[in-house]
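Here is a short tour of a protein model, written for someone who likes to look at helices and their neighbours. Please keep the structure open as you read.

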Amino acid sequence: MQAVNTIRKIMDKVIMGAAIFCFMAMVLVGTYQIASRYFLGKPSTISEELLTYLFTWMSLFASAYVFGKRDHMRMAFLADKVKGTAKKVLDIVLELLVLGFAAMALVWGGFAIMNLTMSQTTASLGVPMGVVYAILPISGCCIVAYSILNIIDMLHGKDLNVKQEVETE
């Protein structure tokens, strides 16, 4: 279990670090865009496009993090009525469904769209669109890894629906 906790902590730090970097870059690029539009009178098309891609990457990094914490939206009206072993089985089945969706749609589909669009370039930045779409398999792999960690935790009796106290280092 110590290895699972260590992997989870490392993933949390890396993924949130990436999301924070994207947010900081968005602030800087957004500030540049505002300054160039209002003070220089020349709106920047590069910054507009970059902001869109940074927002997408930040959102998908944050989504993967939220799935790892099991803080995502769920319909609890059924899950909260089930108790004991049935609840554990239901939670594992739901986690397997999330894992399956992430593996098929994000990882497999993400690689497919990434490879398909590698020859196309973005309008302003000139970056291959496959690089932009790379966030799909990246976030998908993170969600798959978190799902596996969550299932391991559940099999070892850890109730992931109960909020854990924040650990101080």
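In this report, two residues are in contact when heavy atoms of theirs lie within 4.5 Å. One caution before we start: the model is predicted.

## The chain as a whole

Let's begin with the overall make-up. The protein chain has six helices and zero strands, and reading along the sequence gives the pattern α-α-α-α-α-α. Of its 169 residues, 34% count as buried.

The accessible surface of the protein chain comes to about 10600 Å², and carbon and sulfur atoms account for 72% of that area. Now take the contacts in the protein chain with a separation of 6 or more: 71% of them involve residues 24 or more positions apart.

## Helix α1 beside helix α2

Helix α1 covers residues 2–38 and helix α2 covers residues 45–69. The two pack at an angle of about 155 degrees, and their axes are 9 Å apart. Because angles over 145 degrees count as roughly antiparallel, α1 is roughly antiparallel to α2.

The crossing of α1 and α2 is left-handed. What kinds of residues make up the contact of α1 with α2? They divide into 19 nonpolar, four polar and five charged.

## Helix α1 beside helix α6

Helix α1 also packs with α6, here at an angle of about 150 degrees and with the axes 11 Å apart. That angle makes α1 roughly antiparallel to α6. The crossing of α1 past α6 is left-handed.

Which residues meet where α1 and α6 touch? On the α1 side they are V4, I7, R8, M11, D12 and I15, and on the α6 side they are C142, A145, Y146, L149, N150, I152 and D153. Sorted by type, the residues of the contact of α1 with α6 are nine nonpolar, one polar and three charged.

## G68, a buried glycine in α2

Next, find G68 in helix α2. Is G68 buried or exposed? Its relative accessibility is 6%, so G68 counts as buried, the cut-off for buried being under 20%.

Leaving aside neighbours within four places in sequence, G68 is in contact with R8, Y146 and N150. The C-alpha atoms of G68 and D12 are 8.1 Å apart in space, while the two residues are 56 apart in sequence.

Helix α6 spans residues 135–155 and includes M154. M154 has a relative accessibility of 5% and therefore counts as buried.

With a relative accessible area of 1%, S147 is buried. Which residues does S147 touch once its neighbours within four places in sequence are left aside? They are E95, V98 and L99.

Notes. Residues numbered from 1 in each chain as written. Predicted model: local features only at pLDDT ≥ 70, side-chain atom pairs only at ≥ 80, totals over all residues. Heavy atoms only, no water. Axes fitted to C-alpha atoms, helices over the stretch in contact; angles between N-to-C directions. Helix = DSSP H or I, 4+ residues; strand = E, 2+ residues; numbered from the N terminus. Parallel < 35°, antiparallel > 145°, perpendicular 65-115°, else oblique. Left-handed = near helix turned anticlockwise from the far one by under 90°. Nonpolar A, V, L, I, M, F, W, Y, C, P; charged D, E, K, R; others polar. Buried < 20%, exposed > 50% of the residue type's maximum accessible area, 1.4 Å probe, protein only. Areas by Shrake-Rupley, 256 points an atom, 1.4 Å probe, with all protein chains shown as cover.
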